Amino acid sequence: MNERKPMSSPAKVLVVDDQQLMLRALRVFIDAEEDLAVVGEAQNGRAAIEQCLALRPDVVVMDLQMPVLDGVEATRAITHAHPDVKVLAVTTFHSEEWVIPALKAGASGYVVKDSEPHEIVGAVRSVLAGEAAISRRVAATLIRSVVAEPARPRPEEVTAEGGLTEREREVVTLLCEGLSNREIAAALFLSEPTVKSHLSHILSKMGVRDRVQAVIKAYRTGLVAMPSS
């Protein structure tokens, strides 16, 4: 996860959960961080959409199973109306029926509620930095989903089609291992700005929105080999 960085003002966080106890817990350990500040709460998806419009948060910590409007539909509406707002799904469920729709709806990360507080805070920082935030159990769910996909083209076909350079393929491989920009830079002896530039080109060439989608497509196309079970 990302280390905190000095900021001129704390990043604004909206927490969304239908359970008052969870809202209180999220507020306590997020507000304890100097670089993060909870600016609002919502207890259903519709209220979350309204709060986003009113408060313009930097990131929304979003529960998925809620009354009135669930978190998946709220995520889709928020990311469509406010592309600069990041959504981190924090929920009890890590099954495919919840993970895949949430990520397709535009969530930049997905962690389970029984994660340690520092893991959730780290995930918030990761999505703020434009990096994927996927817990190990959720990553396993994604991989199972990818394995179930129909036949995939050979990696060389994907590379030729997308025009990825050898260096970009190395970056994608490390991305699929869950490495942050800093870790990728260290592994390849590059600067972080260079890694960010490579990632920008990779997303464009692969025709995907973010790092999570890039990882999914890399596995589905066979660009990166599936990890052995």
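Predicted model: local features only at pLDDT ≥ 70, side-chain atom pairs only at ≥ 80, totals over all residues.

Q: Fine. Is Glu168 buried or exposed, then?
A: Glu168 counts as buried, because its relative accessibility is 3% and the term applies to anything under 20%.

Q: Where does Glu168 lie?
A: Glu168 is part of helix α8, which covers residues 166-176.

Q: And which residues is Glu168 in contact with, leaving aside its neighbours within four places in sequence?
A: With those neighbours set aside, Glu168 has contacts with Gly163, His198, His201, Ile202 and Lys205.

Q: How accessible are Glu170 and Arg167?
A: Glu170 has a relative accessible area of 30%, so Glu170 is partly exposed, and Arg167, at 31% relative accessibility, also counts as partly exposed.

Q: Switching topic, how many salt bridges does the count come to?
A: The count comes to ten salt bridges.

Q: Okay, what about Arg27 and Asp31, how do their side chains meet?
A: The side chains of Arg27 and Asp31 meet in a salt bridge, with an N to O distance of 3.4 Å. Helix α1, residues 20-31, holds both of them, and they sit four residues apart, about one turn of the helix.

Q: Which side chain meets Glu41 in a salt bridge?
A: That is Arg27, which joins Glu41 in a salt bridge at 2.8 Å, N to O. This pair links distant parts of the chain, since Glu41 is in strand β2 (residues 36-42) while Arg27 is in helix α1, 14 residues apart.

Q: And their exposure, buried or partly exposed?
A: Arg27 is partly exposed, with a relative accessible area of 28%; Glu41 counts as partly exposed at 26% relative accessibility, and Asp31 likewise counts as partly exposed at 35%.

Q: Last one: which residues are linked in a network of salt bridges?
A: A network of salt bridges links Asp17, Asp63 and Lys113.

Technical notes. Residues numbered from 1 in each chain as written. Heavy atoms only, no water. Helix = DSSP H or I, 4+ residues; strand = E, 2+ residues; numbered from the N terminus. Buried < 20%, exposed > 50% of the residue type's maximum accessible area, 1.4 Å probe, protein only. Contact = heavy atoms within 4.5 Å. Salt bridge = Lys/Arg side-chain N within 4 Å of Asp/Glu carboxyl O.
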